[in-house]
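Subject: Structure handover

Hello,

Here is the structure you are taking over. Please open it alongside this email; my notes follow below.

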Amino acid sequence: MKKNMKKQKKKFKIYSPKIKEECGVFGISNTPDASTLTALGLHALQHRGQEGCGIVSFDGEKYHSEKRFGLVGDNFNKEKVLKKLPGKYAIGHNRYSTTGGTALRNVQPFFADTNAGGIGVAHNGNLTNAITLRNKLVQEGAIFYTTSDTETIVQLIAKSKRTKTIEKIVDAIFHIQGGYALAMMTQNTLIGVRDPYGIRPLVIGKLKNSYVFTSETCALDIIGAKFVREVENGEIVYTENDELKSLKPFSPKKIRPCIFEYIYFSRPDSILNGKTAYEHRKNFGAQLAEEDNLEADIVVPVPDSGNASALGYAQKKGISFDLGLIRNHYVGRTFIEPSQKIRSLGVKLKLNSNLSVIKNKKIILVDDSLVRGTTSHKIVKMLYESGAKEVHVRIASPEIKYPDFYGVDTPTKKELLAANKSVKEICDFINAKSLKYLTLDGLYKAMGFEKRNDTYPQLTDHYFTGDYPVKIIDELGKDKVTQLSLLSTTSNN
Ligand code: AMP
């Protein structure tokens, strides 16, 4: 028996219940090219997830669904595929899962038939009570097909006793907790939902008679849609006879968007709270420079994540900004990691030092964030090996000490360097001459706030403070996962 189980484990990877998803969502209403525009939108959101992508469309009679592993550009690039997705309504999803194996059935959007008709659901974020809800639903007889927390939302919608789909959705979201942004569709309605604190992003765009609900404004730009506004926290938006309607079923709260969208996650050209992520990041860099009295020959960014903050830092200080590291743009996350043996030969897979720039220079190396320290450790070593005189590391966000449960992939506390080491110890670990982080006050200042409101912070900033706006029900250890025994599959069906 034991032997058999071992064999099975070898053959199939058993899924972890704690699948963390970042993801990008896109939905469009009332346009003949719905699935092509959705594919373009997903392409602009590719940075939010590269593991898989999918589109669901409705052609007036039937729903259609296509899901694939890998990048949007490699999968939804041909007429042949897009022809399989006819109709004037479509939603799409880019998936990024960080733990567990890979199964196409976990790739979204999900689709279900309910007694009010079909519904497609694309979800960005993480529910903090998904396992608890799932266990309850299973006890009540529900059958789960995937390991994704998004299926819990679908089940709750299907189970609702209300008659109209929009009412079923309201019913369902009263049960879920966490950070979530949803793009959903029925036969003639596009629906967007943002969690009560607005942790995950969702914006509204307009293209002629169509509405678009998507994770970032860069997905509007690519199809020429006009940015209308952000979906408010706790708001449900939907289209009805080509008009935009809004519902706010939750008791009002002040918005607390996730700070990591500003620091790292969103594409630099996307607009967050009135400014591009690029501007925000430059401001973080400038503020970091203001808090720092170090002089150097050049400021070098860690490409691409540190580009904007390094520029802001350099401009503030009046030090030359130079590209001391060159990035290979053909290394995606889907690239197979080299074996330890090859890695130890020093293959510079993603980045290489730019010798002419760094030789004999005192360098300020700037990145947006430091998580496990792997990136900084490797780069500092590389710069010294290439002849740098001094390497000083500057991080344009505070020390990450607490894990995330709302949809950003940060590791457990054990792996977070700043949760376990002092700044001096981290500096020693990455072998830098000096290390400095942006202060928490500085971060808020750079975003235009006088200071952090400690009673009701303006942002979801638990990474640095441990202040979690939504309780982590599943992580309290009260609920044992009893039914997550789904095995991964490598087949494409
Ligand atoms: P580490 O190498 O573990 O210290 O991670 C820091 C690097 O990863 C920085 O270059 C960041 O831009 C990048 N990074 C930060 N957060 C994330 C995330 N959630 N997913 C992937 N990369 C990240």
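A word on naming before the notes: helices (H or I, at least four residues) and strands (E, at least two) are DSSP runs, numbered from the N terminus. By that naming, N241 sits in the loop between β12 (236–240) and β13. Its phi is near 50°, a positive value in a residue other than glycine. Please keep in mind that this is a predicted model.

Two cis peptide bonds

One runs from Q108 to P109, with omega near 0°. P109 is placed in the loop between β4 (89–95) and β5. Another cis bond links P303 to D304, and its omega is near -10°. D304 belongs to the loop between β16 and α11.

The antiparallel sheet

Strands of a sheet pair through backbone hydrogen bonds, either parallel or antiparallel. Here 6 strands make an open sheet with antiparallel pairing, in the order β5-β6-β7-β8-β12-β13. At its edges are β5 (110–114) and β13 (243–247), each of which pairs on one side only. On average, neighbouring strands of this sheet are turned by 20° against each other, direction ignored.

Look at β7 (residues 178–185) and β8 (residues 190–194). These strands run antiparallel and are joined by 5 bridges. A183 has G192 in β8 as its bridge partner. Then find helix α6 (residues 150–159). Helix α6 lies across β5, β6 (117–127) and β7, and runs at about 140° to β6.

The parallel sheet

An open sheet with parallel pairing is formed by 5 strands, ordered β17-β16-β20-β21-β22. β17 (320–321) and β22 (434–437) are at the edges with a single partner strand each, so one side of each has no neighbour in the sheet.

β20 (residues 362–367) and β21 (residues 390–395) run parallel, with 6 bridges between them. Within that pair, I364 stands opposite H392 in β21. Helix α11 (residues 307–317) packs on the sheet and touches β16 (298–301), β17, β20 and β21. The direction of α11 makes about 165° with that of β16. α14 packs on the sheet too, touching β20 and β21. Its direction makes about 155° with that of β21.

The ligand

A polar side-chain atom of D368 is 2.5 Å from a ligand oxygen atom. A polar backbone atom of R372 lies 2.7 Å from an oxygen atom of the ligand. For G373, a polar backbone atom is 2.6 Å from a ligand oxygen.

How much of the ligand's accessible area does the protein cover? On its own the ligand has 500 Å² of accessible area, and the protein covers 88% of it.

One link ties the last two sections together.

Over to you.

Best wishes

Methods. Residues numbered from 1 in each chain as written. Predicted model: local features only at pLDDT ≥ 70, side-chain atom pairs only at ≥ 80, totals over all residues. Heavy atoms only, no water. Polar contact = N/O pair within 3.5 Å; in protein donor to acceptor, adjacent residues only side chain to side chain. Areas by Shrake-Rupley, 256 points an atom, 1.4 Å probe, with all protein chains shown as cover. Pairing = 2+ DSSP bridges. Axes fitted to C-alpha atoms, helices over the stretch in contact; angles between N-to-C directions. Contact = heavy atoms within 4.5 Å.
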